[in-house]
Amino acid sequence: MTRFSAFVQKEFRHILRDRRTLMILFGMPVIQVLLFGYVLTNEIKNASIAVLDPAKTEESIALTNKLVSSGYFQLEQNLVSQEELDRSFRSGKIKMAIVFPSDFIVDPSKPSSIQLIGDASDPNTATSLIQYANAIIADFVQEKAQDTGMASNQLTIRTETRMRYNPEQKAVFNFVPGVMTLILMLVSAMMTSITIAREKELGTMEVLLVSPLKPVQIILGKTAPYLALTLLNALVVVLVGIYIFGMPLKGSILLLTAECVLYMFVALSLGIFISTKAKDQMTAMFISALGLMMPTMLLSGFIFPRESMPVPLQVIGSAIPATWFNPIIKGIMIKGTGLDVLWKQTAVLGGMAIFFLAVSLRNFKDRL
Amino acid sequence: MPVIEVQQLSKSYGPLQALENLSFQVEKGEIFGLIGPDGAGKTTLFRILATLLLPDQGSIQLCGLDGIKEYKKIRQMLGYMPGRFSLYQDLTVEENLEFFASVFGASIQKNYDLIAPIYTQIEPFKDRRAGALSGGMKQKLALCCALIHRPKVLLLDEPGTGVDPVSRQEFWEMLADLRRYGITMLVSTPNMDEAELCDRIALIQHGNIMAIDTPSGITNSFQHPLFAVRSDNMYTLIKELREMEGVKDCYAFGEYAHVKLEPSIAPTDTTAKIFQFLENNGHTQIDIKPTAPTIEDCFIELMKS
């Protein structure tokens, strides 16, 4: 048996014999998925929207302006066709679209209707946005009535709400991917950092360092078992999402797996990076929890929409791997998007993996 | 050529001087003991020799290799048993041994002769987790793991700590047995009685070596007449004897107190004199006998001079 495989075998034994580790590894993901069933509504500002307005009447332009000037919406795109609308949704550029009919007028003779289409792969945001839009449109009608001296009930704009990707607006569509990003980060980063710190604490690291094992073998030997187990974990969470909560899996399974492995690699290298700094298990746990867990939960857009965060927090958020992985997993599972759209996020994650691995290899000392 | 050569080694942690200008040599196949109390700098010295710490000053050579530049080569030749129990508690006896064999690229079958005398004692428990072993068995397992790749040099940092006296005795017998394989052993201990089991010892205190010699060489250098004294009141006995004329020092030593006299005093009628002195001070059940100096007596002597 080679040095490396002996090391990996030893790591598997550590994991499989420690009930606490196993609980965190397999118990927590399932419990969290089941627990995060709350729908958290939050105020959203400057959400990107698109408008499909073939008529471009005075009134449609006025209504669009009113929506945009409310502060809740930001006009990202003026659409020209239904196909373009589909494309924009798939790429995740817009959160909501407004579709005017070709003969849009606000007149007592004929009630007009507008279509509001929300991206329900993030159901919290979609619901809030539709509510805002409805309120603003009602307000618009009211003003119009006053201007023309009519009773407000004489004028009507009917709104028709459609939800893309998640017509039933299931919150699971949001939290299953969110929990996946969280769990993969937690298990990969926290567990690896703790397991290396444990060897330091127990004194076994002294013997390992004196052995002919190379630092890179120690590092990869520590991560390999977790890579395998976390992949299994990801599978469990996806299966729970699909079979218990009815999540779709529209995109390619292969791509999903590959992206998961990439994300785990980022998390693992982060964990090793932490362990090169932490002297004991407590420190490793503390840094992982405070430095990774909280930002991943709060800033990555998993619970609170990033759009409504102050700019400094958005900047911090974009340094968190989960922020980039969240759209990837949602895109693949819910919208069926491919690499053509997700290449940017994938590239960022790849860069992060290389960065952290390089830094930790540099920092890993082969002396005490 | 000596297997271990340490020259003018110094190491400090901030303001704390752990090792100060240490020099010594260990010959092939020797059991060399580093004897000193906790905090004397033994573990620091071991970590430097195991190439895990860099000294501030000085040089070390192991098997003719430079301890600082060629540390990777040295690590192949070392068997290192740190002071703390450094095996995997959640792995079984057999799994620990297999792991260390694989990591060092050694085979248990090929080197079994080396560990057999030790391993056969713990083999009945080979499926037990290492964490559930007794102190003595843990130490035997750690020794097996440190030996499995046939190291040329064995570094044992306080192997006797946390081990019962019988197991400790057995452990030393195993070390003595390993000499025939030409393995050079450096052993540290705070227990003076273990010192006599080494070929040569260095007495170390506050990062300084006070003396290096064979155990008998060290005890022979003790110049003072020495008596073991006991009475019904040991506390006042020690205090009073320190005041007695001709007494250099008096200190507790097991159930007795050791009384160290000035070298000039003839030991002929001293027993009677001390007896008289104690009786005058109201002691009863007095027991006085001349005694041979031990390493501990020498250590105390060196520490105070």
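Predicted model: local features only at pLDDT ≥ 70, side-chain atom pairs only at ≥ 80, totals over all residues.
Residues are numbered from 1 along each chain as its sequence is written, and chains are lettered from A, with ligands numbered from 1, in the order in which they are written.

Where chains A and B meet, 21 residues of chain B are in contact with 21 residues of chain A, two residues being in contact if their C-beta atoms, placed from the backbone, lie within 7 Å. On the chain B side, the elements that give two or more residues are α2 (71–77), β6 (78–81) and α3 (93–103), where helices (H or I, at least four residues) and strands (E, at least two) are DSSP runs numbered from the N terminus. The most comes from α3(B), with four residues. By class, this side of chain B has twelve nonpolar, four polar and five charged residues; Ala, Val, Leu, Ile, Met, Phe, Trp, Tyr, Cys and Pro count as nonpolar, Asp, Glu, Lys and Arg as charged, and the others, Gly among them, as polar.

Within chain B, the domain assignment gives domain 1 (4–219) and domain 2 (222–304), with bounds that come from an automatic or database domain assignment. Taken over C-alpha atoms, the centres of these two domains of chain B are separated by 37 Å, and their contact takes eleven residues from domain 1 and nine residues from domain 2. On the domain 1 side of chain B, α8 (215–220) gives the most, with three residues, and by class that side has eight nonpolar, two polar and one charged residues.

B:Leu53 lies in the loop between α1 (42–49) and β4 (57–62) of chain B.

In chain A, the axes of helix α8 (residues 215–243) and helix α9 (residues 253–277) come within 10 Å and cross at roughly 140°; axes are lines fitted to C-alpha atoms, for helices over the stretch in contact, and angles run from 0 to 180 degrees between N-to-C directions. The helices α8(A) and α9(A) are therefore oblique to each other, since angles under 35 degrees count as roughly parallel, over 145 as roughly antiparallel, 65 to 115 as roughly perpendicular and the rest as oblique. Among the residues that meet are A:Tyr226 and A:Leu227 in α8(A) and A:Met264 and A:Leu268 in α9(A).
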